[in-house]
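Visitor: I have the sequence and the coordinates open. Could you take me through the model, one question at a time?

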2 protein chains.
Amino acid sequence: MLVCRTKAELKRELSELRKAGKSVGLVPTMGYLHDGHASLLRRAKEENDAAVLSVFINPMQFGPNEDLDRYPRDEQRDLKLAEQCGIDLVFMPAVQEMYPSKPLTSIIISQVTSRLCGASRPGHFDGVGLVVSKLFHLVQPDRAYFGMKDAQQVAVIEQMVNDLDLPVEIIPCPTVREPDGLALSSRNVYLTAQQRQQAVVLSQTLKRAEQWHQEPQMTAGALIAKAAGHIEEATEGTIDYVELLTFPALEPLHPDMPLSEGSGRLILALAVKFGTTRLIDNCILDLSEVNGNAANHDEV
Amino acid sequence: MLVCRTKAELKRELSELRKAGKSVGLVPTMGYLHDGHASLLRRAKEENDAAVLSVFINPMQFGPNEDLDRYPRDEQRDLKLAEQCGIDLVFMPAVQEMYPSKPLTSIIISQVTSRLCGASRPGHFDGVGLVVSKLFHLVQPDRAYFGMKDAQQVAVIEQMVNDLDLPVEIIPCPTVREPDGLALSSRNVYLTAQQRQQAVVLSQTLKRAEQWHQEPQMTAGALIAKAAGHIEEATEGTIDYVELLTFPALEPLHPDMPLSEGSGRLILALAVKFGTTRLIDNCILDLSEVNGNAANHDEV
């Protein structure tokens, strides 16, 4: 496994791969890899001749009061996991290498960034758009792999790829969970033992919502209220948002809309703070499937 | 010569070229080609295995009161000229093909766009950044060729390429002129016979400025005043701007700065309106060269 710390090294190694006609899969990460990342790495390796992991904690996607300084790092462990997953090349640049001077170019993606983490973390997705487009230009992958835990990030990147005609296929991958349901996240290490116990409420709420949204007369507003109520009852966590939106456009629904009349995919997205640690999770509810099934039942 | 009107066709043809290991040069244009474009096309062909011309009048870089609707077009003549210059592939998409839906992604380049045409034409360079990045992603050229008549465009695109790590080399090419000095431009066809005669004032002013800026005690402010004075005296054109800036950063100088104390490259940039037709022109003044020479003279 090759480790490149400069753009020049990366370019050199990749041009060898491309000359040999090999397809390339990229997994962009901020490091401190867990089994969720490992599932992306293994899939990138399976579906491409060569798999590239990038590890870069991108300062431009952190707000001034966010956790940039204390974001967890463990380079040696990351390299070991990458090797175990069959990664061919790791790109691990320093901040100075990625941003030799203050960039004057911004990539701003509107609408899909106006709610959820885009609203809670102003500027976050501008930073994500910039760094992901840089990584796409540096690596020029055929496919890039992102976890659905950051579903809004997937929606934002797909929008950018379509709008800019970026020559890469975005592959959204399912969220990987602990045995009790907690979505894997590098930020889980911040949790105290008690917070860790309570954090299961996110996945628990999503699981229940998959039942609730099929109840007759259930509306968008009622489902949100039920989910928020459950989180507030079951934990000391503070809700940042509980939202039900169309996916991937991320547009809100009228609160009185009966879900039985809907079609297409919705996302139920949660962000809850435990102390200073903010956790997110989400599930996709496919109304076409549910209401299609319901219609079939009526006919029988 | 191949003519592709869809992204899918373009992708197919380019993948053949790339499989064969051929280098690609791109000349992005809005069509209605003149000898200035022809010089770019010939150079792209000389320096690359395959040369691609794109012809697309990009609505997103025109303001609401600009000349989008009357911008001149002549597809057949463009194709003939391209063929004469040895172009291998022409990409000529319709607006609907380039923008199948309203893009939600903006590329905004700050600072280098704050003056000159960036100030006179708000949003213009956002549109340029978007369409050029789309063309770079679609064609993936090794080199892209731009005329120095649009010097700010060159500066803006170089900034974007650096900030986004776009894998393309930008080749700025000298302005091509009529025998009397008028810079070639597709917009010259708008000029009446009298305006055409007066339009020579732009290149004439630049030529004189190449002498004026070497005069002892000449300052930035005095050079601008002299250039503006000359334009006002010699024509009925209305000055949009006369500016002297550093190049390529496009930062202003203190008006009292003696040019003999300066170093590096400056741009003297002019925009003058004749009736409803706005013409631009510019020259690069290399102070290091001039002041370097002056120092040598003193020593002799």
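**How the two copies meet**

Guide: The copies meet through the same surface, because 100% of the interface residues of chain B are also interface residues in chain A. Bear in mind that this is a predicted model.

Visitor: What scores does the model have for ipTM and pTM?

Guide: Chain A averages a pLDDT of 94, and 97% of the residues score at least 70. For the model, the scores are ipTM 0.93 and pTM 0.94.

Visitor: Over which residues of chain A is the pLDDT below 50?

Guide: The stretch in question has one contact in the model beyond near neighbours in sequence. The pLDDT below 50 belongs to residues 293-300 of chain A.

Visitor: Which element gives the largest share of the side of chain B that touches chain A?

Guide: In the contact, 23 residues of chain B face 23 residues of chain A. On the chain B side, the elements giving two or more residues are β5 (105-109), α6 (124-139) and α7 (151-164). The largest share is five residues, and the element that gives them is β5(B).

Visitor: How do the residues of that side of chain B divide into nonpolar, polar and charged?

Guide: The side meant is the one that touches chain A. Its residues divide into eleven nonpolar, eight polar and four charged.

Visitor: In which sense do β5 of chain A and β5(B) pair?

Guide: Residue by residue, A:Ile109 stands opposite B:Thr105 in β5(B). Strand β5 (residues 105-109) of chain A is joined to β5(B) over five bridges, and the sense is antiparallel.

Visitor: Which are the edge strands of the six-stranded sheet in chain A?

Guide: This open sheet has the order β1-β4-β3-β2-β6-β7 with parallel pairing. Neighbouring strands are turned by 25 degrees against each other on average, direction ignored. An edge strand pairs on one side only, and in chain A the edge strands are β1 (2-4) and β7 (169-173).

Visitor: Which residue stands opposite A:Val3 in β4(A)?

Guide: β1(A) runs parallel to strand β4 (residues 89-91) of chain A, and three bridges join them. Opposite A:Val3 stands A:Val90.

Visitor: Which strands of chain A does helix α7 touch as it packs on the sheet?

Guide: Helix α6 (residues 124-139) of chain A lies across β2 (24-29), β3 (50-55), β4 and β6 (143-147), at about 150 degrees to β2(A). Helix α7 (residues 151-164) of chain A makes about 170 degrees with the direction of β7(A). The strands touched by α7 are β6 and β7 of chain A.

Visitor: In what order do the three strands of the open sheet in chain B lie?

Guide: The edge strands are β8 (238-246) and β10 (277-286) of chain B. Strand β9 (residues 265-274) of chain B is joined to β10(B) by ten bridges, with B:Phe274 opposite B:Thr277. The pairing is antiparallel and the order is β8-β9-β10.

**Helix packing and backbone details**

Visitor: How far apart are the axes of α9 and α10 in chain A?

Guide: Helix α9 (residues 201-212) and helix α10 (residues 220-234) of chain A pack at an angle of about 145 degrees, and the crossing is right-handed. The contact residues include A:Trp212 of α9(A) and A:Ile231 of α10(A). The axes are 10 Å apart.

Visitor: Where does A:Pro248 lie?

Guide: A cis peptide bond joins A:Phe247 and A:Pro248, with omega about 10 degrees. In chain B the peptide bond from B:Phe247 to B:Pro248 is also cis, with omega near 5 degrees. The place of A:Pro248 is the loop between β8 (238-246) and β9 (265-274) of chain A.

Visitor: What phi does A:Tyr32 have?

Guide: A:Tyr32 lies in the loop between β2 and α2 (35-47) of chain A. Although A:Tyr32 is not a glycine, its phi is positive, at about 55 degrees.

Terms used:
Residues are numbered from 1 along each chain as its sequence is written. Chains are lettered from A and ligands numbered from 1 in the order in which they are written. This is a predicted model: local features need pLDDT of at least 70, side-chain atom pairs count only at pLDDT 80 or more; totals for chains, interfaces and linings use all residues. Axes are lines fitted to C-alpha atoms, for helices over the stretch in contact, and angles run from 0 to 180 degrees between N-to-C directions. Helices (H or I, at least four residues) and strands (E, at least two) are DSSP runs, numbered from the N terminus. A crossing is left-handed if the near helix is turned anticlockwise from the far one by less than a right angle, and right-handed if clockwise. Two residues are in contact if their C-beta atoms, placed from the backbone, lie within 7 Å. Ala, Val, Leu, Ile, Met, Phe, Trp, Tyr, Cys and Pro count as nonpolar, Asp, Glu, Lys and Arg as charged, and the others, Gly among them, as polar. Two strands pair if DSSP finds at least two bridges between them. pLDDT is the predictor's confidence in each residue, from 0 to 100.
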